[in-house]
Amino acid sequence: MTVEAAYLGVDIGSSGTRVVALDATGAVRAVARRARPRKPMVITDLERALDAERIWSEVESCLAEVAARCGEVRSLGVCAMRQSLIVLAGDDTVLFASGNDDLRASLYGAAIDAAHGDALMRQAGRVPAVIFWPGKLAWLEAEAPDVVARARALTTIEGWVVRRLTGAESIGSVSAAETGARSIPEDRWLDAVLPAWAQTLLPPVADGVAAGRLSPTRARTLGLPEGLPVAMGVPDTHAAELGSRRTDLADGDCVTAGWSLTTLRPQADWDAEVPVWRGLRIGGGYLAESNAGDLASGYAWLGQDGEGELTDLASPTDSAAERGIFATTGARVMDVATAGLGAAGVVSPMPFADGVPTRELLATAVLEDLAFAVRGNLERLPPSIGDDAAVRLTGGFAAAPAAAPILANVLDAPVAAYPRLPVTAIGAAMCGAAAAGDFTLDEASAQLAPSSRLHQPDPSTARAYDGHYACWMDLRSRLEAFVQETL
């Protein structure tokens, strides 16, 4: 192995696909990205099928581009958006592809929650069933009998991509836990919430990192070595948690602020009674999660008339909340009983003395909204095993220069940022490096995870944000009550 050896990481997100090449020192040597349009979530548009073939085309294109720019390629890792379901025919044709914003199974999921919700939270750590496998499979049985008749295998997006690359049918235990259909403490599928036809099609579940080897056909198409080690696919938020995990830092929370806003907190033990989502952690242990829901739909609406990235205009020293201006992107404090849809808009409880707020103030208000939501969701989580550890900020919104300092002041806690680094794809590449046998996951965290820039809170600014946060919490509760009454 040389320093120039590359570990490739594939990140299939809600708005596109990215592939990164990571060298043996942890430096990013190449990046390729393909954007994919995604409609904002609206409650009147419940059907959201994934275009699986487009996603595969993006993966192929990005891998071929990065491979052409690398020397020795040692391995490949894959991560993808969570809460996905792929149904395959006998020839591996995709019959059904559902993502995390597909709400067609609402009625069927509600029935499962009514009958099994308490057991699902204790064992799977996941409700509502509408966005996980139990609800979607029940919907298929009732509404898509043609798909059920032809179905021969079930998997996730990351499992499907790894299957195409290697022929491996297994999915990793971390991904299996994210389906909401598996008892984590008992390590088994939950037959009681799965239709009979689906129980015979469930994928084998494998522990560990290695999934298989790149097939000769895919190797020729992609310009990669035949037999290249390919890691088990993992969920994208978990890849971000791994990619920002360093053995020389305390084990703190990881915030992924992308299309949705997810906060993961490492846990030593499985606590069946905490009222938040829970899952497995890459490398061992557990994660407690509080999820603020959809950020990007409201953000897209707020910033649709401007050029460039709105949040890049934000200021860490000129608070919008201080002037009474709050932008609501749809982020909220997690309620496990609902699917997480929120309201978006701009609210100013005092007159605009200086006219309409500038785009700079609106941008700052967006990042403050994100930070308030992180604070509210952190307060829902069980105690951390990493006391006084910095909060790790990853995801697309983390690229905004003001995001980390604003979050540090709102939380009154240090925040570690990774400016413009594709941390999620790096986490996938680290899984690949472990699958190749070049590193253990702990060694990958020590040698391949990127260094961060630490942002400390300003005491006086943090005190002011305490009052603004209280206003935001009151505003959110009033908005959600208004939405429920209006609908």
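Leu-421 is located in the loop that connects β22 (415–417) with α13 (423–435); helices (H or I, at least four residues) and strands (E, at least two) are DSSP runs, numbered from the N terminus. The structure is a predicted model, in which local features need pLDDT of at least 70 and side-chain atom pairs count only at pLDDT 80 or more, while totals for chains, interfaces and linings use all residues. Residues are numbered from 1 along each chain as its sequence is written, and side-chain values use heavy atoms, with hydrogens and water left out. Leu-421 has a relative accessibility of 33% and therefore counts as partly exposed; buried means under 20% relative accessible area, exposed over 50%, and partly exposed in between (1.4 Å probe, protein chains only). Neighbours within four places in sequence aside, Leu-421 is in contact (heavy atoms within 4.5 Å) with Val-28 and Pro-450.

The protein chain contains 15 helices and 23 strands. For 487 residues, a compact globule would have a radius of gyration near 23 Å, and the 22 Å of the protein chain agrees with this; the radius is taken over C-alpha atoms, and the globule rule is 2.2 Å times the number of residues to the power 0.38. Along the principal axes, the C-alpha atoms fill a box of roughly 65 × 55 × 45 Å. Of the 487 residues, 59% count as buried. Among contacts between residues at least 6 apart in sequence, 75% join residues at least 24 apart.

The largest nonpolar core has 52 residues. Such a core is a set of buried Ala, Val, Leu, Ile, Met, Phe, Trp, Tyr and Cys residues joined through side-chain atoms within 4.5 Å. The residues with the most contacts inside this core are Leu-261, Leu-367, Phe-372, Val-374, Leu-393 and Phe-397. Helix α11 (residues 359–378) gives the most to the core, with 12 residues. Beyond its neighbours within four places in sequence, Leu-367 is in contact with Thr-311, Ala-314, Phe-397, Ala-400, Ala-402, Ala-403 and Ile-406. Another core, of 40 residues, lies apart from it and includes Met-121, Val-148, Ala-176 and Leu-190.

Helix α1 (residues 52–68) has 17 residues, which at 1.5 Å a residue should span 24 Å; its end C-alpha atoms are 24 Å apart, in agreement. The expected span is 1.5 Å times one less than the number of residues. Buried in α1 are Ala-52, Ile-55, Trp-56, Glu-58, Val-59, Cys-62, Leu-63, Val-66 and Ala-67. Viewed down the helix axis, the buried residues of α1 fall within an arc of 155 degrees, so they line one face of the helix; the arc is that of the directions from the helix axis to the C-beta atoms. Helix α5 (residues 157–166) is mostly covered, with nine of its 10 residues buried. Gly-167, with a positive phi near 90 degrees, follows α5.

Most residues other than glycine have a negative phi, and most peptide bonds are trans. Gln-83, which is not a glycine, has a positive phi of about 60 degrees. Gln-83 is placed in the loop between β4 (73–80) and β5 (85–88) and is buried, with a relative accessible area of 12%. Asp-92 has a positive phi near 70 degrees; this residue lies in the loop between β5 and β6 (94–98) and is partly exposed, at a relative accessible area of 29%. The peptide bond from Val-127 to Pro-128 is cis, with omega near 5 degrees. Pro-128 belongs to the loop between α2 (106–123) and α3 (133–143).
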